[in-house]
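Please look over the sequence and the structure shown here before reading on. The report below goes through the parts one at a time.

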Amino acid sequence: MIATSIFPGRYVQGAGALEAVGEEAARLGRKPFAIVDAAIARMVSPSLVGKDGAPMAQNAFGGECSDPEIERLAGEARGMGADVILGVGGGKALDTAKAVAHTLKAPVIIVPTLASTDAPTSALSVIYTPEGAFSRYLFLPRNPDVVLVDSAIIARAPARFLVAGMGDALSTWFEAEDCRVKGAGNMTGRAGNSTAYALARLCYDTLLEYGEQALRAAEKQVVTPALERIIEANTLLSGLGFESGGLSAAHAIHNGLTQLHDTHAYWHGEKVAIGTQALTVLGGRPPGLIDEVFEFSAAIGLPTTLNQIGLGAATDAELMKAAQAACAEGETIHNAPYAVSPEAVLAALRTADAIGHAQG
Ligand SMILES: [Zn+2]
């Protein structure tokens, strides 16, 4: 069997890490071009300076990772002769920067300003229509050259982002473990190496050990060693864990839940947490482990009941629609080493909801 794992070229993290952005850009090119999320431009723009102290060329991100926006920004970057692209902001700005760099065949530096998902390190962009509907996945030939995370900026975001990131990271070990047992493929289509499974496990252990302490720091908008550990778990460990370990039921159930309109107000990591709790039931994980997942989720304020993702009044027919979508052909749930069917997913969702209620 040929196993494969993939990684970003360099990962930089810490309070004040943005000070290193000029040095990192100078390593990769001479003319940096930064795509900056309009929402945080005022906070970060003054820090985007080259190694020589000169301000970097910057362009505001228009809000949607769509083909027209990618073409517009690629045109701007090409026009000024840019040879290294930076993406600064939330997931869509980062995905746009990855796609622009791919278009120009230039290296890319990813600067996440939230720790809410595991997407920053990945070789993947999600492309939407200009109206915001899902269009397609863009699989990139390589991972970002640098992922640079300034923990002081992450700490200034509302704590709900960090909690959602922990929800996304909570799925990582369970899904990687499913893939390991089954010998299922990761994002490259091949099985992962033992490194990926070990990192996925470290992701889970880090959440349990530091999650609550990190949340307390984020609520106060301060950086502590615990917050650093959780930013790393949410961003790097979860990113490597999902991409090189692989996905199974939690993300498939998440995708199914997005079929139900009432869940749209809730974030990716919040719905992935519900998917993870359902995975533990569906996969028959040991009762002590299931309790641990529910207790951790509740302790940091992740949803543990369907009511908490807008589905308090959902009928079996509605949940069945989500369960069927979760089991669609090509979905990652088929990487699981246990029997899956829409009926089994529905049963797991109802049971997990009951566990969440009983605990509360
Ligand atoms: Zn995810």
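Which residue in S8 is the bridge partner of Ile 109? The bridge partner of Ile 109 in S8 is Val 146.

## Basis of the report

The model is predicted, so local features need pLDDT of at least 70 and side-chain atom pairs count only at pLDDT 80 or more, while totals for chains, interfaces and linings use all residues. Residues are numbered from 1 along each chain as its sequence is written, and side-chain values use heavy atoms, with hydrogens and water left out.

## The sheet

Six strands form an open sheet with parallel pairing, in the order S1-S8-S5-S4-S2-S3. The edge strands, S1 (11-14) and S3 (57-61), each pair on one side only. On average, and ignoring direction, neighbouring strands of this sheet are turned by 15 degrees against each other. Strands (E, at least two residues) and helices (H or I, at least four) are DSSP runs, numbered from the N terminus. Two strands pair if DSSP finds at least two bridges between them.

Strand S5 (residues 108-112) is joined to strand S8 (residues 146-150) by two bridges, and the two run parallel. Helix H1 (residues 21-28) packs on the sheet, where it touches S1, S2 (32-37), S4 (84-89), S5 and S8. The direction of H1 makes about 175 degrees with that of S8. Helix H3 (residues 67-79) also packs on the sheet, touching S2, S3 and S4, and its direction makes about 170 degrees with that of S3. Contact means heavy atoms within 4.5 Å. For the angles, axes are lines fitted to C-alpha atoms, for helices over the stretch in contact, and the values run from 0 to 180 degrees between N-to-C directions.

## Strand S5 and its link to S4

Five bridges join S4 to S5, which run parallel.

Why is S5 largely enclosed by the rest of the structure? Five of the five residues of S5 are buried, so S5 is largely enclosed. Buried means under 20% relative accessible area, with a 1.4 Å probe and protein chains only. Val 108, Ile 110 and Pro 112 point one way from S5, and Ile 109 and Val 111 point the other way. In a regular strand the side chains alternate between the two faces of the sheet.

## Nonpolar cores

The largest nonpolar core has 86 residues, and Ile 85 and Leu 162 have the most contacts inside it. A second, separate core of 19 residues includes Leu 18, Ile 40, Met 56 and Leu 86. A nonpolar core is a set of buried Ala, Val, Leu, Ile, Met, Phe, Trp, Tyr and Cys residues joined through side-chain atoms within 4.5 Å.

Leaving aside neighbours within four places in sequence, the contacts of Ile 85 include Phe 33, Ile 35, Val 108 and Ile 109.

## The zinc site

Which residues coordinate the zinc ion? Asp 168 (OD), His 251 (NE2) and His 268 (NE2) coordinate the zinc ion, at 2.1 Å. Along the chain the donors follow the spacing D-x82-H-x16-H. Asp 168 in helix H6 (residues 159-182) and His 251 in helix H9 (residues 249-257) are 83 residues apart, and this pair links distant parts of the chain. Donors are N, O and S atoms within 2.8 Å of the metal (3.2 Å for Na, K and Ca); water is not among the atoms, so sites may look incomplete.

Asp 168 counts as buried because its relative accessibility is 0%. His 251, at 9% relative accessibility, also counts as buried.

## Buried positions in and between helices

Thr 235 lies in helix H8 (residues 225-245) and counts as buried, at 2% relative accessibility. Not counting residues up to four places away in sequence, Thr 235 touches several residues, including Tyr 11, Asp 118 and Val 149.

Gly 246 is in the loop between H8 and H9. At 0% relative accessibility, Gly 246 counts as buried. Gly 246 and Trp 173 are 73 residues apart in sequence and 9.3 Å apart in space, C-alpha to C-alpha.

Methods: Buried < 20%, exposed > 50% of the residue type's maximum accessible area, 1.4 Å probe, protein only.
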